Amino acid sequence: MYAAVEHGPVLCSDSNILCLSWKGRVPKSEKEKPVCRRRYYEEGWLATGNGRGVVGVTFTSSHCRRDRSTPQRINFNLRGHNSEVVLVRWNEPYQKLATCDADGGIFVWIQYEGRWSVELVNDRGAQVSDFTWSHDGTQALISYRDGFVLVGSVSGQRHWSSEINLESQITCGIWTPDDQQVLFGTADGQVIVMDCHGRMLAHVLLHESDGVLGMSWNYPIFLVEDSSESDTDSDDYAPPQDGPAAYPIPVQNIKPLLTVSFTSGDISLMNNYDDLSPTVIRSGLKEVVAQWCTQGDLLAVAGMERQAQLGELANGPLLKSAMVKFYNVRGEHIFTLDTLVQRPIISICWGHRDSRLLMASGPALYVVRVEHRVSSLQLLCQQAIASTLREDKDVSKLALPPRLCSYLSTAFIPTIKPPIPDPNNMRDFVSYPSAGNERLHCTMKRTEDDPEVGGPCYTLYLEYLGGLVPILKGRRISKLRPEFVIMDPRTDSKSDEIYGNSLISTVIDSCNCSDSSDIELSDDWAAKKSPKISRASKSPKLPRISIEARKSPKLPRAAPEISRSPRLPMRKPSIGSPSLTRREFPFEDITQHNYLAQVTSNIWGTKFKIVGLAAFLPTNLGAVIYKTSLLHLQPRQMTIYLPEVRKISMDYINLPVFNPNVFSEDEDDLPGDAVWTDR
């Protein structure tokens with residue numbers, strides 16, 4: 001076999017990722033069964049839980065073609081937990097997601113018409129040690145650290161509960177492959193066995209000095225009827241309307257094997273909980289995390305090196321690194337993947353029909369591509385060449401046939417979409433839409449007010465892997481009117497450092513309140529609206545086009561040569577926020593090219609105009625108009641006009657005609673192409 005970390009930028013969140021869970025796409029109706037799991041598992045959803053109490057649901061794909069369509073929304077940030085999320089568990093047959101936080105709160109989420117909502121809530125006030133769905137998805141096993149265990153249905157009904165009197169804590173709980181018994185591991189090395197009705201069956205001491213960290217079976221987590229031939233390969237994703245989307249079937253040629261991992265790093269492979277001669281794996285790792293692949297023939301064990309040679313290098317001492325070891329069902333070591341990760345690996349999970357292994361270490365997420373068969377020479381050459389190249393565009397510089405160049409480019413296709421914006425290409429990312437139809441949902445947060453700059457500062461964040469990535473910054477420039485200026489993310493090298501490194505080097509304040517960012521708009525509205533801010537397709541640099549000098553909407557006609565906005569303060573201090581970055585954002589030589597756009601409004605705050613200040617943007621970028629009621633100034637209807645801006649040569653001059661008089665104090669009509677919504 002062969003395994004290698006996926007090439008590309010490191011995927012990061014704004015806080016530590018504590019748990020992972022992946023599920024594949026399942027058929028939407030009974031007509032599509034039986035399904036070909038190879039095709040349906042090319043796409044899926046990754047659930048992550050982080051230290052800020054946010055659950056991320058991100059689209060993943062193992063397609064080798066870049067032109068494959070993706071869902072319109074490929075990332076969700078689910079908020080509701082009041083503490084760090086320690087467990088996430090997909091229920092693939094019923095398309096539900098269970099999440100648990102450190103305070104004992106349990107949420108069961110369900111998606112309907114593009115929106116995630118909480119279906120069930122359970123809060124006993126005690127810490128949850130484990131949450132496991134049965135193999136058919138109809139029951140849930142909840143175990144608490146204080147010895148209380150509970151089994152309930154997928155709809156929230158309690159079947160039975162029991163309180164086990166122990167001197168130690170329960171660390172994990174699992175179902176047997178036939179869902180007729182439940183097993184619990186304790187911190188003093190015991191295994192407790194109960195039947196599906198809550199009757200005690202056995203107490204077995206597996207290890208006297210080591211506690212049980214986790215247990216699992218080399219058996220599929222959920223059973224789905226598989227067919228090698230299927231002509232259904234729809235790209236549309238929707239949850240099942242009624243009943244489970246998968247049903248249990250007998251799995252042939254798989255001998256259930258109980259795997260128990262201990263605090264010492266040893267792993268026991270047992271035929272059953274009462275096996276007297278188990279196979280013991282001496283991993284030589286500490287803080288181990290083990291999980292079987294879906295087929296049950298490969299065990300991944302991740303952990304830190306226990307006996308690392310501490311030598312002195314030219315740049316300092318040799319640090320310990322995390323590694324992943326792979327074993328077969330006989331406990332034989334097959335392959336070792338050395339990583340450069342210097343933090344413990346907190347969680348791992350398999351995905352995409354065992355072709356991907358996802359690992360969480362601190363705030364970073366790593367994707368490992370796994371080849372179960374004997375690696376071919378072509379694959380080894382692909383990985384060796386890709387490791388020496390920095391970007392996908394460097395492949396075209398090689399003197400290789402087109403077919404080999406295409407094969408080499410597949411090594412750079414990311415599994416998790418969208419990737420983090422490139423700091424060197426941030427201006428294009430926020431200025432131009434991409435060729436696809438995906439939507440990038442953002443969150444805006446207000447930072448601390450700075451009286452020296454004349455108004456509060458705001459930061460626009462991109463939702464990604466349950467976290468927030470800063471992409472734009474702006475501030476208010478008027479005390480009487482709601483008017484703002486948006487900074488250009490590519491003004492100088494110092495701003496690049498802020499936008500590129502603030503995600504990893506700093507901790508961003510979390511937003512625990514629910515907002516409309518978790519709502520998917522209807523398709524009818526999406527067909528009328530202009531594209532959201534998204535990544536621009538990579539294209540060669542365009543020649544500079546000479547255009548007339550731009551004027552701010554309120555700029556006097558007698559002084560068109562003034563290049564700065566009239567409401568910008570004359571001071572030149574810096575804007576800095578401790579929660580955003582450790583370095584201050586410089587504002588030296590305040591001129592027009594330091595700003596991307598400006599938002600102006602009338603005195604009532606019911607009409608807004610977005611004006612492009614950068615030379616590569618059109619002057620008129622859009623308009624927003626609120627229609628208020630007669631009795632009180634509350635918005636009743638919002639009208640948005642957004643012309644489409646694309647990075648093409650000379651064509652952006654031929655954008656739809658925009659009437660600047662729409663922003664006059666007594667004019668309420670917009671051009672016919674406007675988009676309106678009711679509030």
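I started on the surface and picked out a nonpolar patch made of Ile385, Leu400 and Leu404, with about 200 Å² of accessible area together. Before going on, a reminder to myself: this is a predicted model.

Next I looked up Leu404 on its own. It sits in helix α3, which covers residues 402-409.

Then I went to Asn50. Where is Asn50 found? I located Asn50 in strand β4, residues 43-50. Buried or exposed? Asn50 has a relative accessible area of 1%, so I noted it as buried.

I checked what the side chain of Asn50 reaches. At 3.1 Å there is the backbone nitrogen of Arg52, and at 3.3 Å the backbone nitrogen of Gly53. Leaving aside neighbours within four places in sequence, I also listed contacts of Asn50 with Ser13, Ser15, Asn16, Ile17 and Leu18, with Glu84 and Val85, and with Leu465, Gly466 and Gly467.

Last, I looked at confidence. The protein chain averages a pLDDT of 75, and 68% of the residues score at least 70. Strand β8, residues 96-101, has the highest mean at 96, while helix α6, residues 523-528, has the lowest at 34.

I marked two stretches for caution. Over residues 492-593 pLDDT stays under 50, and the model has 208 contacts beyond four places in sequence for them. Residues 649-679 also stay under 50, with 63 such contacts.

Terms used:
Residues numbered from 1 in each chain as written. Predicted model: local features only at pLDDT ≥ 70, side-chain atom pairs only at ≥ 80, totals over all residues. Heavy atoms only, no water. pLDDT = per-residue confidence, 0-100. Helix = DSSP H or I, 4+ residues; strand = E, 2+ residues; numbered from the N terminus. Contact = heavy atoms within 4.5 Å. Patch = residues over 30% accessible without salt bridge, like charges linked within 9 Å, V, L, I, M, F, W, Y side chains within 5 Å. Areas by Shrake-Rupley, 256 points an atom, 1.4 Å probe, with all protein chains shown as cover. Salt bridge = Lys/Arg side-chain N within 4 Å of Asp/Glu carboxyl O. Buried < 20%, exposed > 50% of the residue type's maximum accessible area, 1.4 Å probe, protein only. Polar contact = N/O pair within 3.5 Å; in protein donor to acceptor, adjacent residues only side chain to side chain.
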